[in-house]
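Open the model in your viewer and keep the selection tool ready. This tour goes stop by stop.

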Amino acid sequence: MEIRKELLRQIPKVDEVLARPAVAQLAENGRSAVTQAVRQVTEGLRQGILEGEAPDVSVEQVERLVLAAVEQAGRMSLRPVINATGIVLHTNLGRAVLSHQVAQHVMEVAENYNTLEYSCEAGRRGSRYDHVEQLLCRLTGAEAALVVNNNAAAVMLILGTMAKDRNIIVSRGELVEIGGSFRVPEIMEQSNSTLVEVGTTNKTHPQDYERAIDEQTAALLKVHTSNYKILGFTEEVSTEELVEIGHRRGLPVIYDLGSGALADLDAYGIGSEPTVQQAMASGADVVSFSGDKLLGGPQAGIILGKAGWIAAMKKNPLTRALRIDKLTLAALEATLRIYQEPEQVAKQIPTYQMLSMGLPELKARGRRLLRRLNQVPGLHGTLAEEQGQVGGGSVPTQMIPTWAVAVQHETVSVGEMEKRLRFCRIPVIARVSKDRLLLDMRTTQPEYFDYLARCFAEITGQASPEETE
């Protein structure tokens, strides 16, 4: 009890901490915020002592804690992180990473007035969709194109235009749930179309669609199950078969492709995934997919198809509510231009740069990081063969062989290291497996290796926070 009272008496007064040179200098730019940080730090120490802790309450330590608290409070909420998980398209970490070339174009557009809805050639107002429509048509063979803010919005716009107050027929085995617990039936409900389920979870036959068609049927819907697979005793109707049924019965076919690869994943050793070009060649009247998954671009919902249907969607009032802004258009146009030269895809689109990395290159990258990490006292790293993922609801059954650096420390637990890494200036997002902290080399970029070594030194007590700046 006496020790507790003595520690409480030793906690520096607010004015004493504010008088420290570094704190006083910080307070010049906003005294109230710094004062609040001092009070929060000292109150935290007080509560810790009352709960039986024995923290360092020297004025020097309080000063360090206050400086760290102010710095933490001033950080942007949306900020870069180091993705060491091995998941290339990590939904929670922003999915596809844009290349420096693409990001530069976005910056130029953001910093200047631009041609968002202005045609320099005609000297009058233009359409924002002109920046990407012709590019999309050339790359995919579509008659026309439209882009909205994500693929869920694309599906809602398609159904609201093509099937409002009428029925859409879809296989029961294709009623997917996408991120955030949103489900295809719920999206269809918002579009004022009615879902008609056919077949069973594992088997759907052509006659199931045939029997369900009536005068209220507006279209047939095919949904690519990009985020799960049904294996075993299964059967589904191909897009080509569905197109034959639909067109014979005078009905359009809508194909929700989901991930939307413009590049053939077979070339990257990843299992079969339908490309956008194949989806268009199937004869589907309208195809939609995401921009920030296998395309490797910004978040967007891309709609391709017959000119008449796309024109009708452009006139739908909902299109204005779902339209994309200048920054998304800038990123999408710059990304699509890379696809005009297929040999540049693996060189200039980060998603494919990571997917194309071979095991020898990954292992060599791991050795480089190990040399830095093993210089941190008490830290022990080894190379480990692991499995990564494409992620982003794409190619769900495909695991990707990779190399990771597995880290342990003599005194700091793996769980505690994982937590502390998330509080570094640039947060490090790693994964834990078999009581090892794993840094996957497929998604951990070499330009951060020195920073990672400094982070580990800091979180294990071998360096001060200032050394990671």
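Is Asn 83 buried or exposed? Asn 83 counts as buried, at 14% relative accessibility. Buried means under 20% relative accessible area, exposed over 50%, and partly exposed in between, with a 1.4 Å probe and protein chains only.

Before moving on, note that this is a predicted model: local features need pLDDT of at least 70, side-chain atom pairs count only at pLDDT 80 or more, and totals for chains, interfaces and linings use all residues. Residues are numbered from 1 along each chain as its sequence is written, and side-chain values use heavy atoms, with hydrogens and water left out.

**Stop 1: Asn 83**

Stay on Asn 83, which sits in strand β1. Helices (H or I, at least four residues) and strands (E, at least two) are DSSP runs, numbered from the N terminus. Show the neighbours of Asn 83: it touches His 90, Leu 93, Ile 429, Thr 443 and Thr 444, leaving aside residues up to four places away in sequence. Contact means heavy atoms within 4.5 Å. Now pick Val 106. C-alpha to C-alpha, Asn 83 and Val 106 are 22 Å apart in space, and 23 residues apart in sequence.

**Stop 2: the whole chain**

Zoom out. The chain has 20 helices and 16 strands. Its C-alpha trace spans about 90 × 55 × 45 Å along the principal axes. Of its 469 residues, 48% count as buried. Take the contacts between residues at least 6 apart in sequence: 73% of them join residues at least 24 apart.

**Stop 3: the largest pocket**

Select Val 81, Leu 93, Ala 96, Val 97 and Leu 98. Of the 38 residues that line the largest pocket, these are the closest to its centre. The volume of this pocket is about 1200 Å³. On a 1 Å grid over the protein atoms alone, a pocket is an open set of points where a 1.4 Å probe fits, with protein on both sides within 12 Å along at least five of seven lines; lining residues have an atom within 4 Å of a point. The volume is the space filled by probe spheres set on the points, which are joined across faces, edges and corners.

Next, colour β1 (82-83), α15 (326-339), α17 (350-355) and α18 (359-373). Each supplies at least two residues of the lining. Which element gives the largest share of the lining? That is α17, with three residues.

**Stop 4: Thr 351**

Remain on α17 and select Thr 351, which lies in this helix. Thr 351 is buried, with a relative accessible area of 1%. Beyond residues up to four places away in sequence, Thr 351 touches Val 88, Leu 89, Ala 96, Lys 293 and Gly 296.

**Stop 5: helix α11**

Go to residues 239-248, helix α11. Thr 239, Leu 242, Val 243, Ile 245 and Gly 246 are buried here. Look down the axis of α11: its buried residues fall within an arc of 165°, so they line one face of the helix. That arc is taken from the directions from the helix axis to the C-beta atoms. What covers them? The cover includes α10 (206-212), β8 (217-223) and β9 (253-258). Step just past α11 to Gly 250, which takes a positive phi of about 75°.

**Stop 6: Thr 319**

Finish in helix α14 (residues 318-322), where Thr 319 is found. Thr 319 counts as buried, at 4% relative accessibility. Among its contacts are Tyr 129, Leu 146 and Leu 157.
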